Amino acid sequence: MEFVSILSIFVMACFIGYYVVWSVTPALHTPLMAVTNAISSVIVVGALIAGAAQGSVVSKWLGLAAIVLASVNIFGGFAVTERMLAMYKKKDKK
Amino acid sequence: MIASDASAAWVALAYLIAGVMFIMALRGLSSPATSRAGNRYGMVGMLIAVITTLVTHGIASLPEIVGAIAIGGGIGFVTARRIKMTDMPQLVAAFHSLVGLAAVMVGWAAYLNPAAFGIADLTALIPMPGAPVAMQTPVYTESYARLAHVMAVRDNSVHLYVQSCIEMGLGIAIGAITFSGSIIAFLKLAGKMSGAAIMLPGRHVINLGTLALIIGLVGWFTQDQALWVIAAITVLAFVIGFLLIIPIGGADMPVVVSMLNSYSGWAAAAMGFTLHNTAMIITGALVGSSGAILSYIMCKAMNRSFISVIAGGFGADTGGGDNGPAREQRPWKRGSAEDAAYIMKEAETVIIIPGYGMAVSQAQHVLREMGDQLKAGGVNVKYAIHPVAGRMPGHMNVLLAEANVPYDEVFELEDINGEFAQADVAFIIGANDVVNPAAKTDKSSPIYGMPVFDVEKAKTIFFVKRSMGGVGYAGVDNDVFYMDQTMMLLADAKKMVEDIVKALAH
C-alpha cells in the first residue's frame with residue numbers, strides 16, 4: 001500500500017475516534033479505557049508475524065514474548081471490561 | 001508486503017473489518033444498554049485480526065504461538081477476574097505498560113528480521129516467510145546461519161526503507177515512553193511509590209533535550225541502521241518516560257493515565273504504519289484520540305492546562321498535610337448519625353456526592369443500602385459524580401455500579417448542579433475539593449476555576465469526613481465545613497453510614 005493511502009486511513013480514523021469517543025457517556029469512561037487497552041493490543045499482529053517468521057531467532061523470541069504481553073492485555077482487557085459492564089444496571093421496575 | 005499472499009485483497013479486507021469492529025466496540029459505549037454488545041464486537045475484531053495474521057504468516061511455529069497466547073491469556077484472564085474495582089486505575093496503568101513494551105519488542109523484532117516484516121528489499125537473499133510450510137521446513141534449521149547472514153548484510157549494503165525507519169523508530173520510542181511512564185504511574189497509583197511530585201532541578205531542560213535527541217536519532221537511523229542507534233533510541237525513550245511521569249503528583253494521575261492510554265494508541269498506530277496494517281492503524285488512531293479526549297476532559301474538570309500537568313509539580317508541597325501555617329479556627333457544627341437519619345428521612349430530595357474517600361473505606365455497598373432505605377421511605381435519592389471523583393475517568397461510576405446503584409440514579413456534574421437549590425440534603429462522603437466554593441470565589445486558591453458542585457445551595461449539608469484536620473488533595477480549606485446549614489459527621493465513612501442505616505431502621 002502507498003504511504004498516502006495509509007495516511008488517509010489514519011487521518012480518517014482519528015476523526016472517527018474523535019466523534020465516537022465524545023459520544024461515550026462519562027459513566028462508562030473507565031470501561032472505555034479498559035477496552036481501548038484491549039484493542040490497542042492489536043499490536044499482537046506484529047508480534048505474531050515476528051513469532052511465526054523464520055530468519056532471526058532473536059526476532060522470533062522477541063515476537064513470542066510480545067505475544068505473551070499482548071495476550072495478557074487482550075484477555076485481561078476484554079474480561080475486565082465485560083465484568084464492569086455487567087455491573088451497570090437500570091433501576092428495577094417494580 | 002513481502003509475504004506473498006499477505007497482500008491478497010481478502011487479507012486487507014479482513015484487517016479492515018477488524019478495524020471496523022473496534023470502532024463498533026467504542027460506539028457501543030455510548031450507553032450502558034449497548035455497551036456489552038460493543039465489547040463483543042471488540043472481541044470478534046481481535047479474533048479476526050489474529051486469525052488472519054496466523055493464516056497468512058506461516059503456521060510453522062503454531063505450537064509456540066498458541067503456548068504464548070495461553071500463558072498471556074491465562075494471566076490476563078485471572079487478573080481481570082480477581083482485581084478489585086478500587087484498584088482499576090493501577091490495573092489499567094499496568095496494562096498500558098504491557099502495550100508499550102510489546103510495541104518496543106515488535107519494533108526490535110522488525111529491525112532484526114526486516115524480511116518478515118517487509119520493510120527492506122531482501123527478496124533476493126531470503127526465502128519468503130509466507131511460503132507454504134513444506135518449503136519452509138528445511139529452511140527452518142538454517143535459521144542461525146541466516147541470522148548471521150542477515151545481520152552481516154545489513155551492516156554493509158542492505159538498507160531498510162527510509163519511511164519504515166521513521167515509523168519503526170517512532171513506534172519504539174513511543175512504546176518505550178508508554179512502558180516506563182506507565183510503570184511509574186502504576187507504582188504511584190498502587191501506593192508503592194510516593195504520590196508526591198518529585199522534582200529534579202533543571203528537569204525541563206533535561207526532558208526537552210532528551211526528546212530532541214530521540215528525534216535526532218530517529219532521523220540518523222534513516223541513514224545509519226547500526227544497532228547502537230536503535231538501542232540508543234530505546235534507552236533514551238525509557239529514560240524520558242520515567243522523567244516525564246516522576247514529577248507529576250497524585251492529584252494529576254487521572255490525566256496521566258489517560259495520557260498514557262493515548263500514547264499506547266499512537267505506538268500501535270506507528271507499528272501499523274510499519275506493517276501497512278489497517279487494523280492496527282485504525283485502532284491506534286481510535287485509542288490515541290480516546291486517550292487524548294479523556295485527558296482533555298480531566299484537565300478541564302480540574303481547570304488545569306495540559307501543559308501545566310505535563311510540567312508537573314502539582315500537590316508537591318501540599319500533599320503531606322503536616323505543613324503550612326495553622327489554619328484559622330472557625331466554629332463548626334458536629335452532627336450524629338441519628339441527626340442525619342432523622343433529617344434525611346423527612347427530606348424530599350437527597351443528593352449524595354461520593355468521592356474517593358468513600359471508595360477507600362469501602363462504603364459504597366452500605367451507602368447503597370442507605371439510599372435504598374431512604375427510597376423505600378419515599379425520598380428521592382440521586383448520586384452526583386464529579387469527573388475527577390476517583391483515580392481515573394469514570395472510576396466512581398464503576399464503584400457505584402459494583403454496589404448495585406442503578407445507573408439512572410447517577411448524574412454528572414452539569415446535569416445535576418442546577419438541582420441543589422431545590423434539594424433538602426446534600427450528603428458529601430469522601431469528597432472535598434469538588435464541593436469547595438473557593439473554586440468559584442477565591443482567585444488565590446489553587447483550585448480556582450475548577451467546576452464544583454453548588455452544595456451550599458442545599459438546605460442541609462452533611463459532610464462525612466474522618467476528622468477536621470485533613471484537607472483535600474489540593475490541600476485547601478473548605479468553607480462548606482463552617483456554614484450554618486452544615487453538619488460535620490466525623491467518623492470513618494463506612495462506620496458512619498452503617499450507623500445511619502441502623503438509625504433509619506428505627
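The side chains of Lys60(A) and Glu64(B) meet in a salt bridge, with N to O at 3.4 Å. A salt bridge here is a side-chain nitrogen of Lys or Arg within 4 Å of a carboxyl oxygen of Asp or Glu. The model is predicted: local features need pLDDT of at least 70, side-chain atom pairs count only at pLDDT 80 or more, and totals for chains, interfaces and linings use all residues. Residues are numbered from 1 along each chain as its sequence is written, chains are lettered from A and ligands numbered from 1 in the order in which they are written, and side-chain values use heavy atoms, with hydrogens and water left out.

Across the interface of chain B and chain A, the rule finds three salt bridges. Glu82(A) and Arg36(B) form a salt bridge, their closest N and O atoms being 3.4 Å apart. Glu82(A) lies in helix H4 (residues 57-85) of chain A and Arg36(B) in helix H2 (residues 32-56) of chain B, so this pair joins two chains. Helices (H or I, at least four residues) and strands (E, at least two) are DSSP runs, numbered from the N terminus. Glu82(A) counts as buried at 12% relative accessibility, whereas Arg36(B), at 36%, counts as partly exposed. Buried means under 20% relative accessible area, exposed over 50%, and partly exposed in between (1.4 Å probe, protein chains only).

The contact takes 79 residues from chain A and 108 residues from chain B. Contact means heavy atoms within 4.5 Å. The two chains bury about 8700 Å² between them, 76% of it on carbon and sulfur atoms. Buried area is the accessible area (1.4 Å probe) that two parts lose on being put together, summed over both. The rule also finds 22 residue pairs in polar contact across the interface, both residues at pLDDT 80 or more. A polar contact is a pair of N or O atoms within 3.5 Å; within protein, one must be able to donate a hydrogen and the other to accept it, and residues adjacent in sequence count only if both atoms are side-chain atoms.

Ser290(B) is found in helix H12 (residues 278-301) of chain B. Ser290(B) counts as buried, at 0% relative accessibility. Neighbours within four places in sequence aside, Ser290(B) is in contact with Val21(A), Leu32(A), Thr36(A) and Asn261(B).

Chain A has four helices and zero strands. Its pattern along the sequence is α-α-α-α. The radius of gyration of chain A is 18 Å, well over the 12 Å that the globule rule gives for 94 residues, so chain A is more spread out than a compact globule. This radius is taken over C-alpha atoms; the globule rule is 2.2 Å times the number of residues to the power 0.38. The C-alpha trace of chain A spans about 65 × 35 × 15 Å along its principal axes. Of the 94 residues of chain A, 68% count as buried.

Over all chains, the structure holds 15 salt bridges. Within chain B, Glu409(B) forms one with Lys375(B), the closest N and O atoms being 2.6 Å apart. The pair links distant parts of the chain, 34 residues apart: Glu409(B) is in the loop between helix H17 (395-402) and strand S3 (410-412), and Lys375(B) is in helix H16 (residues 364-376). Glu409(B) counts as buried at 4% relative accessibility. Lys375(B) is partly exposed, at 28% relative accessible area. Arg368(B), Asp372(B), Lys375(B) and Glu409(B) are linked in a network of salt bridges.
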